[in-house]
Amino acid sequence: MATYDIAVIGNGLMGSAALRHLALSCPDMKVCGIGPAEPRDRKTHQGVFASHYDQGRITRILDPSPLWGQLARDSIVRYPAIEAESGVIFHHRAGCLRATDIEERVADIDACAAVYQPPHQRLDAAGCQNKYPFLAFSDEFVAWDERGEAGYINPRQLIEAQLKAAANSGASVIREIVDSLEVGGDGVSIRTREGSELRAGKALLTAGGYSNILLKRKLDLPTKSHTILLAELPPNEIKRLRGMPSIISSFDHPEVESLYMLPPVLYPDGKTYIKLGPSGRNEQFFDATEDDRELAPWFQSAGNALTAADLKAALQRMIPGLNALAYQTAPCLITYSAHGNPYIDELEAGRLYVTTAGNGMGAKSSDEIGRIGALLCATDEWRSDLNREDFRAIYADGGSK
Ligand SMILES: Cc1cc2nc3c(=O)[nH]c(=O)nc-3n(C[C@H](O)[C@H](O)[C@H](O)COP(=O)(O)OP(=O)(O)OC[C@H]3O[C@@H](n4cnc5c(N)ncnc54)[C@H](O)[C@@H]3O)c2cc1C
């Protein structure tokens, strides 16, 4: 039976980051990351799915929450090193325009800007119009045009980079699905669906929306469907939108409260799309805590048609006259925590740890979230100046450890 000092369960954004940090920081430990690769065909796939099957995730520091601002800042600063270690380029400095007409948000984002001082310009609606003539904002909007490292990352390539860099530093990557975890006094026994049995001194659970399925005492980890719209662009529209940043807009609107949008990005089918997603009034919560097959029908579907219709209307409001060649929708999953921050915690003393709940914002910050989780698991110490209590895992029964 293969034995490891630490097994990371889930090779997604947080797990692959944790694995690289373990391999780099703990060279004397034998570490592995266990988790499947992306399904070849989503519509027929029967195993687990993930929240990273895409070409773009927005990255930026400015956020209404200073905690998220710091997690992002501390991740973004390491992007160049991860690219250099792996030879995989995943970071695109397109900028990020954050806009809102909600008064309370303005003060929070201004406060975050004052603390972390990312290069940015504060604009009113006229300033936005002047800088980005193809975008439409109503007069009440305030915007922060963040530059520097803001823009987007390719989540598939970030994971590839993390896993390559981890493997270069001695970690093993095992492409299997974990079916059970048994925590005992002398370590953790892991069985996979493919029939492998492994032993590890400690395990770090990073299985995203599937984490609860492997736990006996369930976390408060609501998982919610999320539909994205991809608008395929013809060459003249790609040219017209040159210089478009990533956009996050929160506003008072009955149909779509908030909207994020990526600039034109090339996808593996050779076509260029603008991708957008909503906060999602039409979406549903899942209660998938016992069996991963409960989530399969959602991931095999085309997403929610009502959300798609809202998104098309919102796209036309934001970029009036946009001439898309075709539209596609895709399903995804957002995993929330009880307090809005990721869970980074010890679940069973000295044996089982968790790093999960990206709350829809975990991609950009996954390197720092993975680092804190990896070092907590390896050393039993909290190696961050952020307050550990803000990351405590909350159980579905309302308790914490
Ligand atoms: C449509 C969409 C848009 C988003 N946009 C942004 C954005 O712009 N910026 C941003 O920062 N964040 C964004 N996010 C959020 C971000 O993608 C997530 O926070 C992030 O993917 C969470 O990382 P994770 O590692 O916790 O989970 P995942 O990325 O889902 O990874 C979990 C991994 O665990 C594996 N796994 C599951 N079960 C098992 C098992 N039993 N055994 C082994 N492995 C298992 C899965 O295969 C997967 O690889 C977005 C999310 C969605 C859905």
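Mentor: We may. A residue counts as near a molecule if one of its heavy atoms lies within 4 Å of it. Please keep in mind that this is a predicted model.

Trainee: Which elements each supply at least two residues of the shell around the ligand?

Mentor: They are H1, strand S3 (57-59), strand S13 (223-232) and strand S19 (326-335). S19 gives the most, with three residues. In total, 35 residues surround the ligand, and the closest are Met 14, Ile 58, Val 178, Cys 332 and Lys 364.

Trainee: Why is Ser 365 called buried?

Mentor: The term requires under 20% relative accessible area. Ser 365 has a value of 0%, and therefore it is called buried. This residue lies in the loop between strand S21 (352-356) and H10. Leaving aside neighbours within four places in sequence, Ser 365 is in contact with Trp 68, Leu 71, Ala 72 and Ser 75.

Trainee: How do you know that H2 is mostly covered?

Mentor: Nine of the eleven residues of H2 are buried; among them are Leu 67, Trp 68, Leu 71 and Ile 76. What covers the buried residues of H2 includes S3, H3, H4 and H10.

Trainee: What does Leu 71 touch, not counting residues up to four places away in sequence?

Mentor: Leu 71 touches Pro 342, Ser 365, Glu 368, Ile 369, Ile 372, Leu 386 and Phe 391.

Trainee: Which residues touch the most other members of the largest nonpolar core?

Mentor: Of its 48 residues, they are Leu 19, Leu 22, Val 31, Leu 71, Phe 90, Ile 344 and Phe 391. The elements that each supply at least two residues of this core include strand S1 (2-9), helix H1 (13-25), helix H2 (66-76) and helix H10 (366-379). At least three residues come from each of domain 1 (2-53 + 155-218 + 340-391) and domain 2 (101-152 + 222-335). Apart from this core lies another, of 41 residues, among them Phe 49, Ile 174, Val 354 and Ala 357.

Technical notes:
Residues numbered from 1 in each chain as written. Predicted model: local features only at pLDDT ≥ 70, side-chain atom pairs only at ≥ 80, totals over all residues. Heavy atoms only, no water. Core = buried A, V, L, I, M, F, W, Y, C linked by side-chain atoms within 4.5 Å. Buried < 20%, exposed > 50% of the residue type's maximum accessible area, 1.4 Å probe, protein only. Helix = DSSP H or I, 4+ residues; strand = E, 2+ residues; numbered from the N terminus. Domains from an automatic or database assignment. Contact = heavy atoms within 4.5 Å.
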